[in-house]
Amino acid sequence: MTKNTTPIATLFERAEDYGKTTFNLLKLNAIDKSADIASSLVSRLAVIMTVVFSVLIVSIGMSLWIGKLLGDTFYGFFIIGGFYAFLSIFIHVFRLKWIKYPVSNSIIKKLLQQKKV
């Protein structure tokens, strides 16, 4: 039993299949890129959290040590607090150059990166 279809119907079926396949491919590529970016951000966040906790512990130790050298503990905390205030102002001034642009460029590179097969 043969199928009685016209060439136009066959063409429409193939176009429909092609459209569905293309849509699925785009969806899978979007999922792949999203997963890649999310995993990169999570791994960087883990490293950043480790560094933050290390700096916090070292800062407390430095504050106590400087306070002991100066005679009162709170002097050490004021000095370390002043250092971080100065550092935050410095980072705020250069935030676009040091933080925003590199992060944006990294995300764009991840989005445009071709998958090696």
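Biologist: In a crossing of which handedness does H1 pass H3?
Modeller: This is a predicted model, in which local features need pLDDT of at least 70, side-chain atom pairs count only at pLDDT 80 or more, and totals for chains, interfaces and linings use all residues. Residues are numbered from 1 along each chain as its sequence is written, and side-chain values use heavy atoms, without hydrogens and water. A crossing is left-handed if the near helix is turned anticlockwise from the far one by less than a right angle, and right-handed if clockwise; H1 passes H3 in a crossing that is right-handed.

Biologist: At roughly what angle do the axes of H1 and H3 cross?
Modeller: Helices here are DSSP runs (H or I, at least four residues) numbered from the N terminus, and H1 covers residues 7-70 while H3 covers residues 95-112. Their axes (lines fitted to C-alpha atoms over the stretch in contact, with angles from 0 to 180 degrees between N-to-C directions) come within 9 Å and cross at roughly 145°.

Biologist: How many charged residues does the contact of H1 with H3 have?
Modeller: Taking contact as heavy atoms within 4.5 Å, Lys33, Asp36, Ile37, Ser40 and Arg44 of H1 meet Ser106, Ile107, Lys110, Leu111 and Leu112 of H3. Sorted by class, with Asp, Glu, Lys and Arg counted as charged, these residues are four nonpolar, two polar and, as for charged ones, four.

Biologist: What is the angle between the planes of Phe94 and Trp98?
Modeller: Rings of Phe, Tyr and Trp (its six-membered ring) pair if their centres lie within 6.5 Å, and planes under 30 degrees apart count as stacked, over 60 as edge-to-face and the rest as tilted. By this rule there are seven aromatic pairs, and the stacked pair of Phe94 and Trp98 has its centres 4.9 Å apart, with an angle between the planes of 25°.

Conventions:
Helices (H or I, at least four residues) and strands (E, at least two) are DSSP runs, numbered from the N terminus.
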